[in-house]
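User: I'd like to learn how to read a structure like this one, feature by feature. Can you walk me through it?

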Amino acid sequence: MDNAILRRRKREVLGGVIVLAALALLPLPIKDVYTQNLIIITVLFAGLAQAWNILGGYCGQISLGHALYFGVGGYVSTLLYLKAGLPPSLGLFAAFGVSGLLALPVGWPCFRLSGHYYAIATVVVGEIGYLLFLNWDFVGGATGVFIPFHGESWAQLQFKTAKLPYHYLVLAFAAATWLTAFLLEGSRWGFAWRAVKDDVTAARSLGVNIFSSKMAAAALSGGFTGMGGAIYAQYVGYIDPDSVLAGHFSILIALPAVLGGVSTLWGPLIGAAVLMPASELSRSYLGGSGRGVDLMLYGGLIVIVALARPQGLVSLFGRKDDHARIA
Amino acid sequence: MPVAEILQVAAGGLLMGLIYALVAAGLSLIFGLMDVVNFAHGELMMLAMYAVFAIWQLTGADPLLLLPVVAVLLFGLGMAIYRGLIARALSVQFNRGMVQIFVTFGLAIFIRGAAQFVWGGEFRSVTGHWLADRSLNLGGVFLPLPQVAASLVCLAAFAGLLMVSRTEFGKALEATREDRDAVALIGIDRDRIFAMGWGLGAGAVGIAGVMLAGFYYVGPNVGASFAVIAYVTVALGGFGSMLGALVAGVLIGEVEAFTAALWEPSLKQVGVFAVYLLVLTFRPRGLFGKM
């Protein structure tokens, strides 16, 4: 690696530490529960979008079915807790494992497809998961599952009114996805994925094992998404197929990365910081009427950002030489 | 399963399948022409259904009479969407594929919100029209007339699309599909062809929407469920192939009908998706897609 790349990576680490510290301090002066909740959701989706970015951005496989991993992760930690007594703090890792493994049999048929064929196959796989959970009585079917409250504890990841512990939980999650993306950028896999994305045939001729490199990206991406789903389930205390597996969740997970800037370290966070408050605020101030004004604003925002900043909002920040790399 | 029942299920599958085929044909046409998947396709169908509902409510006109009106409206809307959004999305330098997906996705959410704004969230239906509640009895197999009419109109629309492909315009369309840069050299206005392609695609799904409104509820989310089936139909038939859309649409209608009858109605789409994944494992470009 030449010096310019090393310097840039040092700068990224420094930036990462500063942003992490700032986000750790951010909720301390805030007393308002609504704002606390908004920040937690934003940071959670920054992490989810970064998880999506590993497969959709760095590896270039536009998945529109990540709701599957998100929902399955939520169900895994919740059901292990309710049916086997495993504390959700460990359940998070089980969710990572199950969703990560699930990405392999999903990837096996889907990675044979390219372009739009791949994107549509992921939509379909997500829909299959949604329909199966909806009709599966063991997991609560359409009624879903409640997580009963058993007192405040980090092992159970349950806190009656305090939001701060959840804030640090989602922050640790988002930081873990960021760090993974950072390490991948500089790794052999990271280079292989960029090569696969830019030119499949050329990458193959250089000896990149395309199929297994895509499978690795899918497993990591699915695993982190499942972990995020488990955290979400613990945070809201109730899950059903419509709230965690429905197709629009796949879009919610991908959007911050796409609008913030795909295959960048900061795009998912910037995208989430714009999108989540925009959608929450428009919903609470305009959605109450039930007249769809919030949807119109949200949809309009997506169209405008995608057309005006195709390389992502991240391009508004940073230095020129970084842009060249993103392109 | 007795023969009469098998025939009944198969007939139901065929009637629904022809509608799926026409919805998919519009999507496939646009994709084949310019490599863009319109993720707002289901919402265009929803708008056509609401247009029927609104005009019917206002004037009491029969949905069948509204067919040409709504088809023309949708044609104009499709062209407007191309001129206003898609032409811009095609001209971006970065992440072109992703921008196209999310521009049409944003548009879908916007249209859904707009429909909710105008008509509210509740389900509506067009009742008491000319064909409502009538059915045809073919030796014990009952065919509801609104669905028979819908599938006949869909077949006619398919024939219409094939006729268009034989005209001068159709040849320009085919040439643009083959090589979008070379056609500019022989004096074909590519932008106009693309806009017309969007008009035709939206018009086709509009016709399907009008006929569907005769027997199906209308709501802001009605497009979403049909859209997933439409993407599956197009991918199964092969992007850009009209014949593929027709065959895949009917196949999907049949698989759905038989899954519901033999297994479990609420899992009928799982049967469809399973067949789709199975076919794509062996033919990654769909049944009639160019390899």
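User: Is T176(B) buried or exposed?

Analyst: First, a word on what we have: this is a predicted model, where local features need pLDDT of at least 70, side-chain atom pairs count only at pLDDT 80 or more, and totals for chains, interfaces and linings use all residues. Residues are numbered from 1 along each chain as its sequence is written, chains are lettered from A and ligands numbered from 1 in the order in which they are written, and side-chain values use heavy atoms, with hydrogens and water left out. Now the idea: buried means under 20% relative accessible area, exposed over 50%, and partly exposed in between (1.4 Å probe, protein chains only). T176(B) has a relative accessible area of 0%, so T176(B) is buried.

User: Where is T176(B) found, and what is it in contact with?

Analyst: Helices here are DSSP runs (H or I, at least four residues), numbered from the N terminus. T176(B) belongs to helix α6 of chain B, residues 168–178. Contact means heavy atoms within 4.5 Å. Setting aside neighbours within four places in sequence, T176(B) is in contact with L33(B), V183(B), I188(B), R190(B), I193(B) and F194(B). Its side chain also reaches the backbone oxygen of A172(B) at 2.6 Å.

User: Which side chain does D242(A) make a polar contact with?

Analyst: A polar contact is a pair of N or O atoms within 3.5 Å; within protein, one must be able to donate a hydrogen and the other to accept it, and residues adjacent in sequence count only if both atoms are side-chain atoms. For D242(A), the partner is the side chain of Y130(A), at 2.8 Å. D242(A) sits in helix α10 of chain A, residues 241–244, and is partly exposed at 44% relative accessible area. Not counting residues up to four places away in sequence, D242(A) touches Y130(A) and H248(A).

User: What area is buried between chain A and chain B?

Analyst: The size of an interface is often given as the accessible area lost when the parts come together. Here that sum runs over both parts, with a 1.4 Å probe. Between chain A and chain B it is about 4,000 Å², with carbon and sulfur atoms giving 80%. In chain A, H116(A), Y117(A) and I120(A) lose the most area to chain B, together 18% of what that side buries. The contact takes 42 residues from chain A and 45 residues from chain B.

User: How many salt bridges does the rule find across the interface of chain A and chain B?

Analyst: Look for a side-chain nitrogen of Lys or Arg within 4 Å of a carboxyl oxygen of Asp or Glu. Across this interface the rule finds 0 salt bridges, but there are 6 residue pairs in polar contact, both residues at pLDDT 80 or more. The largest share of the side of chain A that touches chain B, 11 residues, comes from α5(A).

User: What is phi of D35(B) near?

Analyst: Phi of D35(B) is near 65°, a positive value in a residue other than glycine. D35(B) lies in the loop between α1 (3–34) and α2 (41–59) of chain B, and counts as partly exposed at 41% relative accessibility.

Terms used: Buried area is the accessible area (1.4 Å probe) that two parts lose on being put together, summed over both. Helices (H or I, at least four residues) and strands (E, at least two) are DSSP runs, numbered from the N terminus.
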